[in-house]
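Here are my notes on the model, as numbered points. Please read them with the structure open.

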Amino acid sequence: MQEMHLVTSQLTKGIMHTAWSKDGRYLAASDHSTDHCIAIFDMQAKIKSGAKLAPIAFGKGSRSTILSLGFNSTGNAVIATCVKAVVLITWANGAVKAQTC
């Protein structure tokens, strides 16, 4: 098995869930912090060999515990199924925006 990318982010409370976009471009990850933070990575970004891949967006997810993550069919949003809500997560300009559905 060959390491393709080493990713790094502000997810300091352990990665709880991950999801890949249908086209394999984006990886979303959530942590176990109180704010259930979300990091979005562009896995097709060009980086130098041995360099760490930083997230293209990061921010608070949901105050409710996230049970699962999944991308929508177009790959431009993440759906988080939570204990008390379903949350739509979008990103722009390095930040994520979580909206309860």
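Is Cys82 buried or exposed? The points below start there. Keep in mind throughout that this is a predicted model.

1. **Cys82.** This residue is buried, and its relative accessible area is 7%. Cys82 takes part in no disulfide. The nearest cysteine sulfur belongs to Cys101, 9.6 Å away.

2. **Cys101.** Here the side is the other one: Cys101 is exposed, at a relative accessible area of 68%. Its closest cysteine sulfur is that of Cys82, and 9.6 Å is too far for a bond. A disulfide is a covalent bond between the sulfur atoms of two cysteines. The cut-off for the sulfur pair is 2.5 Å, and the count for the structure is zero disulfides.

3. **Salt bridges, overall.** How many salt bridges does a search of the whole structure find? It finds three. They are taken one by one below.

4. **Asp42 and Arg25.** These side chains meet in a salt bridge, 2.8 Å from N to O. Asp42 is in strand 4 (residues 38–42), and Arg25 is in the loop between strand 2 (15–20) and strand 3 (26–31), so the bridge ties together parts 17 residues apart in sequence. Asp42 counts as buried, at 10% relative accessibility. Arg25 is partly exposed, with a relative accessible area of 31%.

5. **Asp35 and Lys60.** A salt bridge joins these side chains at 3.9 Å, N to O. Asp35 sits in the loop between strand 3 and strand 4, and Lys60 in the loop between strand 6 (57–59) and strand 7 (66–71), so the pair ties together parts that are 25 residues apart in sequence. The cut-off for a salt bridge is 4 Å. Lys60 counts as exposed, at 56% relative accessibility.

6. **Asp35 and Arg63.** Asp35 also forms a salt bridge with Arg63, with the closest N and O atoms 2.9 Å apart. This pair links distant parts of the chain, 28 residues apart: Arg63 is in the loop between strand 6 and strand 7, and Asp35 in the loop between strand 3 and strand 4. Arg63 is exposed, with a relative accessible area of 63%. Shared partners join Asp35, Lys60 and Arg63 into one salt-bridge network.

7. In which sense do strand 7 and strand 8 pair? They pair in the antiparallel sense, over five bridges, with strand 8 covering residues 78–82. Ser68 stands opposite Thr81 of strand 8. Six residues lie between the strands of this hairpin, and there Gly75 takes a positive phi near 80°.

8. **The largest nonpolar core.** This core has 16 residues. Those with the most contacts inside it are Ile40, Leu69, Phe71, Val78, Ala80, Ile89 and Trp91. Strand 3, strand 4, strand 7, strand 8 and strand 9 (86–92) each give two or more residues to this core.

9. **Phe71.** This residue is buried, with a relative accessible area of 14%. What does Phe71 contact, leaving aside its neighbours within four places in sequence? The contacts are Ala19, Trp20, Ser21, Tyr26, Leu27, Ala28, Ala77, Val78, Ile79 and Trp91.

10. **Aromatic pairs.** The count is two aromatic pairs. In one, the ring centres of Tyr26 and Trp91 are 5.3 Å apart and the planes stand at 65°, so the pair is edge-to-face. Tyr26 is in strand 3 and Trp91 in strand 9, so this pair ties together parts 65 residues apart in sequence. Phe71 and Trp91 form an edge-to-face pair too, at 6.2 Å centre to centre and 85° between the planes. Phe71 lies in strand 7 and Trp91 in strand 9, so here the parts tied together are 20 residues apart in sequence.

11. **The ring cluster.** Ring pairs link Tyr26, Phe71 and Trp91 into a cluster. Both Tyr26 and Trp91 are buried, with Trp91 at 18% relative accessibility.

Definitions and conventions. Residues are numbered from 1 along each chain as its sequence is written. This is a predicted model: local features need pLDDT of at least 70, side-chain atom pairs count only at pLDDT 80 or more; totals for chains, interfaces and linings use all residues. Side-chain values use heavy atoms; hydrogens and water are left out. Helices (H or I, at least four residues) and strands (E, at least two) are DSSP runs, numbered from the N terminus. Buried means under 20% relative accessible area, exposed over 50%, partly exposed in between (1.4 Å probe, protein chains only). Two strands pair if DSSP finds at least two bridges between them. A nonpolar core is a set of buried Ala, Val, Leu, Ile, Met, Phe, Trp, Tyr and Cys residues joined through side-chain atoms within 4.5 Å. Contact means heavy atoms within 4.5 Å. Rings of Phe, Tyr and Trp (its six-membered ring) pair if their centres lie within 6.5 Å; planes under 30 degrees apart count as stacked, over 60 as edge-to-face and the rest as tilted.
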